[in-house]
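Dear colleague,

Please find below the structure that I am handing over to you.

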Amino acid sequence: MSLRRVLILGGTREARTLAARLDADPAIDVVSSLAGRVREPVLPAGRVRIGGFGGVDGLAQWVRDNGIDAVVDATHPFAARITANAAAATRDVGVPLLVLRRPEWVAGPGDRWHVVPDLSAAAEAVSRLGERVFLTIGRQGVDAFAHCPGRFLIRAIDPPDGRLPADAEVLLARGPFTVADEITLMGEYGIDVVVTKNSGGALTSAKLEAARERGIPVVVVARTPIPDSVTSTSELDVALRWTHHPN
């Protein structure tokens, strides 16, 4: 049986879980690629490369040069450019692609969600909804809120890029976070509106439950849809089977 070479575009918990499962399979040679945007990333099992590929052409060439048989895009749900590049590159070289994406969060009873298409719309919504803002969108895109009035608590793993709001405090922390901790944090800072991307997953979902408990509105930035031409799943077992028999 020939060895199958699988490239995982990673950086998420789902990517690490998939890499661990594939690394334990003697029929699979797995390499995970991390974009390098987090200073101290949690590394997956197996071989790891860090850094960009240089766009569509660079990724296509890397796949060719390394004899990759299949590519799994398990990047962050908001890494739309990487997903688009992966779709174009794998199409160019004739290698199958699967997008492994965790399910979205869904509003439930008692939630006060305001769903917006992008960060600019989120910044506009914040100005109408509250003065003490808990910004939980990661380190990128914070400058969309630089012009906003009010007091901002900005939580990210690494220091944010770009300009910050005039009155802002940065809290560097990595999840998971408990609901109790989130309720306490929101109370201490007097938070009256939360901003988040609809990343999905359990790692950072406690803030949504805490906001519900406190009756706080949440501005939720919607995801960019996965291209219709790309095969996708939210289930790890499906992704595992696919790596052996892509279709």
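Axes are lines fitted to C-alpha atoms, for helices over the stretch in contact, and angles run from 0 to 180 degrees between N-to-C directions. Contact means heavy atoms within 4.5 Å.

Please note that this is a predicted model, in which local features need pLDDT of at least 70 and side-chain atom pairs count only at pLDDT 80 or more, while totals for chains, interfaces and linings use all residues. Residues are numbered from 1 along each chain as its sequence is written, and side-chain values use heavy atoms, with hydrogens and water left out.

Overall composition

The protein contains seven helices and twelve strands. A compact globule of 247 residues would have a radius of gyration near 18 Å, and the 19 Å of the protein agrees with this; the radius is taken over C-alpha atoms, and the globule rule is 2.2 Å times the number of residues to the power 0.38. Along the principal axes, the C-alpha atoms fill a box of roughly 60 × 35 × 30 Å. Of the 247 residues, 45% are buried, where buried means under 20% relative accessible area, exposed over 50%, and partly exposed in between (1.4 Å probe, protein chains only). Among contacts between residues at least 6 apart in sequence, 65% join residues at least 24 apart.

Four bridges join strand 10 (residues 193-197) to strand 11 (residues 218-221) in the parallel sense, and Val 194 has Val 218 of strand 11 as its bridge partner.

Another open sheet of six strands has the order 3-2-1-4-5-12, and its pairing is parallel. Its edge strands are strand 3 (47-50) and strand 12 (231-233), each of which pairs on one side only. Here, neighbouring strands are turned by 25 degrees against each other on average, direction ignored.

Strand 1 (residues 4-9) and strand 2 (residues 28-34) run parallel and are joined by six bridges; Leu 7 stands opposite Val 31 in strand 2. Helix 7 (residues 236-244) packs on the sheet and touches strand 1, strand 2, strand 4, strand 5 and strand 12, with its direction at about 165 degrees to that of strand 5. Helix 3 (residues 80-93) lies across strand 1, strand 4 (70-73) and strand 5 (97-100), at about 160 degrees to strand 5.

How many residues of strand 2 are buried? Seven of its seven residues are. In a regular strand the side chains alternate between the two faces of the sheet. In strand 2 both faces are covered, with Ile 28, Val 30, Ser 32 and Leu 34 buried on one side and Asp 29, Val 31 and Ser 33 buried on the other. Strand 2 also pairs with strand 3 in the parallel sense over four bridges, and the partner of Val 31 in strand 3 is Arg 47.

Two local details

Gly 175 and Pro 176 are joined by a cis peptide bond, with omega at about 10 degrees. Pro 176 is placed in the loop between strand 9 and helix 5 (179-189).

Glu 182 is located in helix 5. Glu 182 counts as buried because its relative accessibility is 2%. Leaving aside residues up to four places away in sequence, Glu 182 touches Phe 134, Arg 155, Phe 177, Ala 206, Lys 207 and Ala 210.

With kind regards

Terms used: Two strands pair if DSSP finds at least two bridges between them. Helices (H or I, at least four residues) and strands (E, at least two) are DSSP runs, numbered from the N terminus.
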